[in-house]
Amino acid sequence: MEAPPEHCPGVESQDAGKASACAGCPNQNLCATGQAAGAKDAYISVVTERLRDVRHKLLVLSGKGGVGKSTMTYLLTRTMAQARPESNFSVLDIDICGPSQPRVFGVADEQVHQSGSGWSPVYVDENLSVMSIGFLLGSPDDAIIWRGPKKNGMIKQFLGDVDWGELDWLIVDTPPGTSDEHLSAVSFLENSRNGLAAVIVSTPQELSLLDVRKEINFCRKLRIPIVGVVENMAGFVCPSCTKESTIFPAKSGGAEKMAQDMEIPFLGRIPLDPKLARCCDQGKDFLAEHPESSAVKASQDITQKIFKYFEGSS
């Protein structure tokens, strides 16, 4: 099958192959006869088989850009991998247009290797690996100018063509919003929902909370369990005196009040620490560099709650 049109109604729709957007599409006859749906179902089976030995799948979501979601993915994964050295962790970066995980984990110069069993993720530590389109670009400055169907195809390849092996945790770093990438990932995880849940990242400002509320409703509509909400940039840690001050006042009560109103757990607050930003830029292990940081202690508390959630739901 070739890529569908930009406004494709979807293979499950009654308008599949019949809508005005389908005119001229090379897949029009397949969709009209239901064969495209069969192809999609077949690939769901491929993804299900690939993820058969992945115990837990954690989506890191946020309806708002710029809240530090990729940094939070890095910090939580580092903390989880340190807390459970006997477990295997992998990060899947599906932010196709803005892949950042190769840099923050310090493996930006590595390349993905392909074997008969598929692509192999790049290893950061013995129990931690990363997969991202960033490894497939000729230069980190290359712009990815793709429409939705091509991005969805890349996500499909990541889920179905990567040799994940036996994993305890697959942590998925997503782009902001509730768009194609999210729908594609959830669609292909349809038969792999056991052990699937989401952590939602916000900052204290009401502008961020407005979009995060939409993300929570997105999860509810797609029946994705929510572990809870993390409030990032909850305070600023001075790099000299380590004193913490508020730079984003939570005038409406912040993420904790929002979580209470929407009846989901509040996992904790992570302060804005310039040392964390510096480690991400340099690809260093923040936990090893600054083990006494308040951000590390907060992350350790949050990850214990994540572990407890999954252990209680398994």
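Is arginine 269 buried, partly exposed or exposed, and what is its relative accessibility? Arginine 269 is partly exposed, at 40% relative accessibility (buried means under 20% relative accessible area, exposed over 50%, partly exposed in between, with a 1.4 Å probe and protein chains only). The model is predicted, so local features need pLDDT of at least 70 and side-chain atom pairs count only at pLDDT 80 or more, whereas totals for chains, interfaces and linings use all residues. Residues are numbered from 1 along each chain as its sequence is written, and side-chain values use heavy atoms, with hydrogens and water left out.

Arginine 269 meets glutamate 256 in a salt bridge (2.6 Å, N to O), defined as a side-chain nitrogen of Lys or Arg within 4 Å of a carboxyl oxygen of Asp or Glu. Because arginine 269 lies in strand S11 (residues 266–272) and glutamate 256 in helix H8 (residues 254–261), the pair ties together parts 13 residues apart in sequence. Helices (H or I, at least four residues) and strands (E, at least two) are DSSP runs, numbered from the N terminus.

The whole structure holds 16 salt bridges. One of them joins arginine 84 and glutamate 311 at 2.8 Å, N to O; these residues are 227 apart, in the loop between H3 and strand S2 (89–93) and in helix H11 (residues 294–313), respectively.

Within helix H7 (residues 206–221), aspartate 211 and lysine 214 sit 3 residues apart, about one turn of the helix, and their closest N and O atoms are 3.5 Å apart in a salt bridge. Aspartate 211 is buried at 19%, while lysine 214 is exposed at 54%.
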